[in-house]
Amino acid sequence: MAGVGARLLPVMGRPVLLLLALCTAGAGGLYFHIGETEKRCFIEEIPDETMVIGNYRTQMWDKQKEVFLPSTPGLGMHVEVKDPDSKVVLSRQYGSEGRFTFTSHTPGDHQICLHSNSTKMALFAGGKLYREERFRLTSESTNQRVLWWSIAQTVILILTGIWQMRHLKSFFEAKKLV
């Protein structure tokens with residue numbers, strides 16, 4: 001059982017690929033960290049007609065709390081596997097958690113490369129979540145203030161109208177027009 005985990009280090013948060021397990025006969029575990037924009041490759045000698053299974057999970061790293069957050073939609077990984085003849089055996093994007101498999105048809109050193117499948121917009125997913133939450137709180141606060149301001153304006157307008165009607169009534173009564 002070989003495992004690979006990758007730590008991703010964007011500017012505002014650290015998404016982390018935790019356990020990427022490559023299951024091959026007699027292989028040991030492998031765990032490493034990769035930055036968000038990095039591509040990490042390793043070479044594994046795989047016998048002919050061997051099925052390799054990789055399990056993985058991505059998570060965000062919260063710098064402030066120093067804990068892993070649940071997976072973010074859109075954050076995942078791209079796996080590319082090349083055989084000893086440099087032919088692509090597997091090249092696919094995966095979600096935030098799952099499994100990939102491939103079967104070696106040629107014995108020898110296979111190159112397995114991993115990198116984040118995030119776009120430039122999702123590079124700062126940890127910060128994006130923080131900004132989205134802050135924006136939502138700001139929007140709710142602004143909405144609450146606008147609501148109370150509207151209520152205050154309505155009350156002031158009604159009170160002003162009542163005052164004007166009483167003032168005009170007393171004016172006309174003083175002039176004896178009513």
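How many salt bridges does the count come to by this rule? The count comes to 2, where a salt bridge puts a side-chain nitrogen of Lys or Arg within 4 Å of a carboxyl oxygen of Asp or Glu.

This is a predicted model, so local features need pLDDT of at least 70 and side-chain atom pairs count only at pLDDT 80 or more, while totals for chains, interfaces and linings use all residues. Residues are numbered from 1 along each chain as its sequence is written, and side-chain values use heavy atoms, with hydrogens and water left out.

**View A. Glu 80 and Lys 39 meet in a salt bridge.** Their side chains come to 3.8 Å, N to O. Glu 80 sits in strand β6 (residues 77–82) and Lys 39 in strand β3 (residues 39–46), so this pair ties together parts that are 41 residues apart in sequence. Strands here are DSSP E runs of at least two residues, helices are H or I runs of at least four, and both are numbered from the N terminus. Glu 80 is buried at 16% relative accessible area, whereas Lys 39 is partly exposed at 47%. Buried means under 20%, exposed over 50%, and partly exposed in between, using a 1.4 Å probe and protein chains only.

**View B. Arg 136 and Glu 140 pair up within helix α1.** This salt bridge spans 3.1 Å, N to O. The two residues are 4 apart in the helix, which is about one helical turn. Arg 136 is partly exposed, with 40% relative accessible area, and Glu 140 also counts as partly exposed, at 44%.

**View C. A nonpolar patch sits on the surface.** Leu 147, Trp 148, Ile 151, Val 155, Ile 158, Leu 159 and Ile 162 make it up, with about 660 Å² of accessible area together. Patch members have over 30% relative accessible area and no salt bridge; nonpolar side chains (Val, Leu, Ile, Met, Phe, Trp, Tyr) are joined within 5 Å, like charges within 9 Å. Areas come from the Shrake-Rupley method with a 1.4 Å probe, and for residues only the protein chains shown count as cover. Take Ile 151: it belongs to helix α1 (residues 125–174) and is partly exposed at 36%.

**View D. Residues 146–165 carry a UniProt annotation, "transmembrane region".** The label comes from an unreviewed entry; positions follow the numbering used here, feature names are shortened, and annotations may be inferred rather than shown by experiment. In the model, this stretch is 100% helix and 0% strand, with its end C-alpha atoms 28 Å apart.
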